[in-house]
Every structure is written in C-alpha cells, then in structure tokens.
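Trainee: Could we go through this model together? I would like to know what lies behind the labels we give to its parts.

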Amino acid sequence: MKRFFKSKWFKIPFYTLTFAFAAIGFFLTVSYMAIQMGWTKEGGIVDSNNRYFQEMQDKYNQDFKVDSATMVQKRYEAMERIIVLNEYYPQNAQYILSVLQRGADEYEVLRMLDAVDLQLIDNKRYRKALSKIKFNAGRTKKVSNLSAFEWMNIAEWKTFKEAVSKDKKIIDSVAKQTGVEGRLIVSCLVGEQIRLFNSSREAYKKWIGPLKVLSVESQFSFGVTGIKEHTAMNIEHNLKDPESIYYLGSKYEGLLDFVGQDTATINKERIDRLTDFHNHYYSYMYAALFLKQVKVQWEKEGFPIDKRPEILATLFNVGYPQSKPKRNPRVGGSTIKIYEKPYSFGAIAYQFYYSGELFDLFPFEKKKFDWNEKA
C-alpha cells in the first residue's frame, strides 16, 4: 500500500486535485473580497443631457392653467413644430401627429416633440427652422377672453343667444320646409333683434332681459324678424303668381295660406300670426321665403348670391324695391348703433354668420340652399 501512495499513479492525480481545489478556493476568496471592496463595479456615467431632462420635468411638472384658450394655443404650437419636423423626419412627424389626432393631451404631445428636439440638438438646419417658431411663441402676447367682434361682448348678446336657442326647433322646421339655411335665417334675425336689445330700453329691463325672450315688434314692423305688412303681402303674392320673377314653384304656394277668405279677416290673421308672442313660426317663415325669392330672382338674372349672406341680409333689410340683380352688389342697409358704434345691417349679419357663435345649434349646411328646383 505504501508503495502505491508513493507511486506516480497516486501522486499525480492527488496533487492535481489539491492544486485545483486550492485555485478554486483562492478565486472564490478573491472574488468575495472584490465584491465587498467594490472592485467589480462598472464605472457609471451621468448623461450629458441630464440637466435638459430635469428642465423638461420642471417645465411640465407644475400647475398649468388648463382652459380652452390655453389648450388651443398649445395645440397650435404642437402643429407648428410637427410641420417643421415633417420637413426633416416625416416618419416621426406622422407618429406624433397621429397621437395628437387621437386626442392625446397637448402637453404629452409637446413632450414627444421635446424628445425629438433633444435627439436633433446637433442638426443646425432643424434647430434654425425650429427657432423661428419658438421665437414667435416666446413673445409676450396679450390674450383676450372676449370676442373679436365687439358687439358680441355685450350682456344683451348673451340674452339673445339664450332666447334664440328656444326657437331652434321652429327655425329648423322652417329651414327644412323652405330649403333656406337656418343659420342665414338667424343672421337676419340678429340684425333685427340686436338694435332692440339695448339695456337702456324699458322693454329690455322689464321682460326681454329677465325672461330671455326675443322682442316681438308690433307697430311699423312685425314679429321677431321685423317684417313690414306690405312686404308680407308681397311675399304671399309672389308665392301664388307663376309670372312673378320671385315665383318659387307650386310646392311652395300653400305655405302661407290663410284660414279666412275675405280681406279684413286675412289682414287680421296676417298681423296676428306675425305678432304671436308664443310662437314665432311665421316670423321665420316669411323671412325665409323672402330670402329664397330674392335669391331666385338674382340667380335667374345670372348673378348668384347664395354664398353672400351679407347681400341676402342687406336685401332682407331694404326690401324688394332695392333688389336689383347686378355684378357687384353693395353691402349695407339700416345703420344699427350698438353702444354708439354704427354697423350696417348687412355687416352685422355677415359677422354673425361667420363668427362661429351658436354654431352648435345652427351650423353651416353642406348644401346650403335648395335654390335650383324647377318651378
């Protein structure tokens, strides 16, 4: 046995294993010490843009005044920046635009753009293009919560909007029957009502303002749209007379038929229907039919004015005698003073029509008028 332990067959494997276990032990010991002493840790770095990231956090992590005006401004800023980005990296621009269109918070979209800006910080052309819009955005701007149309800032205008909203169903019904756009009818109504909506007037103080109702005229002009009696009679006549230049066709002939037959009864019924305080249907119907009649007249003469609400409103105000088709008609009509500032009837109607006010109730129609029907 002693000879075996002294032989090479024992010594070689024995010393090999001994050194192997010793080496493993040494490695484990050194590794443990390296871990404890921190020798194995990789050297970390602080991102060169760390300050930028913190600035972005500070920029967005604050209490914003979130109102509609601010959101519109931020959306506009985002769109401007997307347009610039699209010139250089359209793929990224498309991604961000898609997020914006899906209703994402405007501030999140701006952060997406900030991330791109950081990546392109060395792109001089992009930075130069971006600086132009950022320069404009950085200027101090005087923002007003009021309407650009001064007369829409008066208290009476708010009263009018509440009052006319009550007549939406009636106006929609008249628009459907006549083919005249509801917003155009209301444009003429605005011109007629706004001059009466004066807080210094006794009528306004007593019942128009408190009750939020439209003013019904009952002396020289009648109803909420201010139809004169002779104008109403002409509208009725033109509906029935196929030879009239204002004739609209047989389907419209019965829209203003009376119950009575004799002149005295018709005259009374006409005034009663126009001055009805509770139902303004005929005020709107007469107004719509007048607009349709003069529109047809002008179209027959080769001067279409279907896209000229200011001209149609002017003609509504001045009446048939002034309706003379021509190439360059003038906007005007009665002078309306609103807190001592003068406006023409046509201008008031035009400003309302394109103002966006009451657009949820009376929007533009794709096919605004059904003017071209064959009589």
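This is a predicted model: local features need pLDDT of at least 70, side-chain atom pairs count only at pLDDT 80 or more; totals for chains, interfaces and linings use all residues.

Trainee: Why is the pairing of Arg81 and Asp114 called a salt bridge?

Mentor: The term asks for a side-chain nitrogen of Lys or Arg within 4 Å of a carboxyl oxygen of Asp or Glu. Arg81 and Asp114 have N to O at 2.7 Å, so the pair qualifies. This pair links distant parts of the chain, with Arg81 in helix H4 and Asp114 in helix H6 (residues 106-119), 33 residues apart. Helices here are DSSP runs of H or I with at least four residues, strands are runs of E with at least two, and both are numbered from the N terminus.

Trainee: What makes Arg81 and Asp114 count as buried or exposed?

Mentor: Buried means under 20% relative accessible area, exposed over 50%, and partly exposed in between (1.4 Å probe, protein chains only). Arg81 has 2% and Asp114 has 4%, so both are buried.

Trainee: Which residues are linked with Arg81 in a network of salt bridges?

Mentor: The network holds Lys74, Glu77, Arg81, Asp114 and Asp117. Within it, Glu77 meets Arg81 at 3.5 Å, N to O. Those two are four residues apart in helix H4 (residues 68-86), so about one helical turn separates them.

Trainee: How do you know that the buried residues of H13 line one face?

Mentor: In H13, the buried residues are Ile266, Glu269, Arg270, Arg273 and Leu274. Seen down the helix axis, they fall within an arc of 120 degrees, so they line one face; the arc is taken from the directions from the axis to the C-beta atoms. Ala264 and Lys268, on the other side, are exposed.

Trainee: What do the buried residues of H13 pack against?

Mentor: Their partners are strand E2 (221-223), strand E3 (227-228), helix H12 (229-240) and helix H14 (281-300).

Trainee: What makes Ser165 and Lys168 contacts of Leu361?

Mentor: Contact means heavy atoms within 4.5 Å, and Leu361 touches both, leaving aside residues up to four places away in sequence. Leu361 itself is found in the segment after helix H16 (345-353).

Notes: Residues are numbered from 1 along each chain as its sequence is written. Side-chain values use heavy atoms; hydrogens and water are left out.
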